[in-house]
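Dear colleague,

I am handing over the structure below, together with an account of what was found in it. Please read the notes with the model open beside you.

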Amino acid sequence: MNILFCFLLSLFTTLPFPGATFAEGPASRAQDEALRAYEDSPRLEKISLDFKGVDINELFKIISAKSGMTIVTSPEVKGRITVFMDNLSFEEALDVVATMQDLAYEIKGNLARVMTTAEYEKAYGKKFGERRETRTVRLTYAKPSNVMNVITSLKSDLGKIISDDATGTIIITDTPQSMETILEAIKELDSPLETLVYDVNYAQLADMKSYLNELITPGVGHVISDDRSSKVIVYDLPRRLARINKLLKEFDEQSRQVLITGEIVEVEISDKFESGIEWEKIFREAHMDNLDLAANFPVVPALSRYGKISIGTLEQDDYTVVMKMLSDYGKTRILTRPRVVAVNKEEAKILVGTREAYVTSSQSQGETSVVTAENINFIDVGVKLVVVPTIGTDGFITMKIRPEVSSVKEYLELTTGTRVPIVKTSESETVVKVKDGSTLVIGGLLQDEESDGSKGVSGLSRIPILGNLFSAKTKNKSKSELVIFITPRIVTGDVNPAREDKKDEPA
């Protein structure tokens, strides 16, 4: 009987009951103990509160007492709060308060540390509630330090990037959103570079290299220039090279030039035209486009209203008409017909005159005596014309013009014996816009000259000593005006200006 009872008892205890789970071994028992400990944790106790204007630290004391959790707050946690909670867990209650007061917290075991979000970001290097991830990328083609220079601008404020050229790797720590952007950029940058060799024909090599350094992919592409062969070598990503190659041809285009043909005419003004040439009348009758300057230019010595310079344009067919009208004011004489070619936006100079020389001396004390050194200096005197043309896309040429008329009035004798020329100068500067092939007329450049002369009875005035009784000294005055004709014409480097059709030149 006892034996049968023991057998049934053992059989009964080993049979599984419905819904029963049996743990086997020490590991299963440990899991059960952890589960029971979690279920018994005070953090699972539900919290219900209703406060208005309560101090935040007093509220944390109440939550700590209800949950059995230890809460430590930093000194920066201050203020009052109105809160209503109904049946919330400890984490839910803590999260509600933190969200309302812009606070952050960290839970470790039975301890919760509460601080401001600024303190949290300073301590942990990230914003509260924001997770970061770390990736290690091994590059195949690009140099890690170069790539890092580019992608640094893509990281967030909390991100961090480290490059190692020795292993060819980049380590990125950042938010998931920024990480995705950075990885896409690395994929684009870590491509095999291609090479472009370009022959620079017209542009300055230094300027071309400066342009290319602005065009290449930052931190990836690089440029090499060779002055001897006038070549530039560009290493960059394929897509960027295609764009660079197209722009290189635009930069290295053949320089456009302006052929400036001119004619400088001197008109000896007759006595009956003391006021000079009436340019307004000529402009009106010759149907010229009046381009008068806004102000008069200085004349030395002052010539009253004669200092006004007049500028206008005319067609080639009207040149003969203008010359005929000028001859009515006095005898005309062509001084020169200059021809000069100026590169676009570069200065061209025309001088019709002389280079007056004068000597200056300087003294220096030697060991035993004073040493005198003499230097020969030159000054340009006559008609000078400086032109800077700028070619427009509309077929017009904008010219910066500076005409100057100068002459030596007298020589000043210094105490050292040096004779220095005193130069009388009339000059001005203006900017005008003319059509390609049209003629620009500049008038109003006046000159007054005085010369000594004599008159007397023929034959008797040549008798020595007694001839002075039959002669007298006179002052001769003459007035002349210079008229400048300028015809700019756009030419290319493959056209010989000497072979240009001369029918367009002033006759």
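Helix α3, which covers residues 56-67, is where S64 lies, and since the model is a predicted one, this and everything that follows describes a prediction. A polar atom of the S64 side chain comes to 2.4 Å from the backbone oxygen of M69. If the neighbours within four places in sequence are left aside, the residues in contact with S64 are M69, T70 and I71.

As to the whole, the protein has 507 residues, of which 34% count as buried, and it contains eleven helices and 23 strands.

Which residues touch the most other members of the largest nonpolar core? They are L385, M399, I401, L440, I442, I484 and I486, out of the 24 residues that this core holds. At least two residues of the core come from each of the strands β12 (257-269), β17 (348-365), β18 (370-391), β19 (396-413), β21 (430-435), β22 (439-456) and β23 (471-491). For M399, and not counting residues up to four places away in sequence, the touching residues are V387, V388, P389, T430, V431, V432, V434, L440, I486 and P488. As general background, nonpolar side chains in soluble globular proteins tend to be buried together.

Strand β19 also holds E404. Is E404 buried or exposed? With a relative accessible area of 13%, E404 counts as buried, because buried means under 20%. Apart from residues up to four places away in sequence, E404 touches G382, V383, K384, T425, S426 and E427.

E92, by contrast, is partly exposed, with a relative accessible area of 40%, and is found in helix α4, residues 90-101. Between E92 and K46 there are 46 residues of separation in sequence, while their C-alpha atoms are 9.5 Å apart in space.

Two residues deserve a look for their backbone angles. Most residues other than glycine have a negative phi. N87, although not a glycine, has a positive phi of about 60 degrees; N87 is found in strand β3, residues 80-88, and counts as partly exposed at 46% relative accessibility. D102, which is not a glycine either, has a positive phi of about 55 degrees. The place of D102 is in the loop between α4 and β4 (103-108), and at 52% relative accessibility D102 counts as exposed, because the cut-off for that class is over 50%.

Lastly, there is the matter of open space. The second largest pocket holds about 410 Å³, and the elements that give two or more residues to its lining are α8 (205-215) and α9 (238-251). How many residues line the second largest pocket, and which lie nearest its centre? The lining is made up of 15 residues, with A203, F251, E253, Q254 and S255 nearest the centre. Sorted by class, the lining of this pocket has five nonpolar, four polar and six charged residues.

With best regards

Terms used: Residues are numbered from 1 along each chain as its sequence is written. This is a predicted model: local features need pLDDT of at least 70, side-chain atom pairs count only at pLDDT 80 or more; totals for chains, interfaces and linings use all residues. Side-chain values use heavy atoms; hydrogens and water are left out. On a 1 Å grid over the protein atoms alone, a cavity is a set of points where a 1.4 Å probe fits but cannot get out, and a pocket is an open set with protein on both sides within 12 Å along at least five of seven lines; lining residues have an atom within 4 Å of a point. Grid points are joined across faces, edges and corners, and a volume is the space filled by probe spheres set on the points. Helices (H or I, at least four residues) and strands (E, at least two) are DSSP runs, numbered from the N terminus. Ala, Val, Leu, Ile, Met, Phe, Trp, Tyr, Cys and Pro count as nonpolar, Asp, Glu, Lys and Arg as charged, and the others, Gly among them, as polar. A nonpolar core is a set of buried Ala, Val, Leu, Ile, Met, Phe, Trp, Tyr and Cys residues joined through side-chain atoms within 4.5 Å. Buried means under 20% relative accessible area, exposed over 50%, partly exposed in between (1.4 Å probe, protein chains only). Contact means heavy atoms within 4.5 Å. A polar contact is a pair of N or O atoms within 3.5 Å; within protein, one must be able to donate a hydrogen and the other to accept it, and residues adjacent in sequence count only if both atoms are side-chain atoms.
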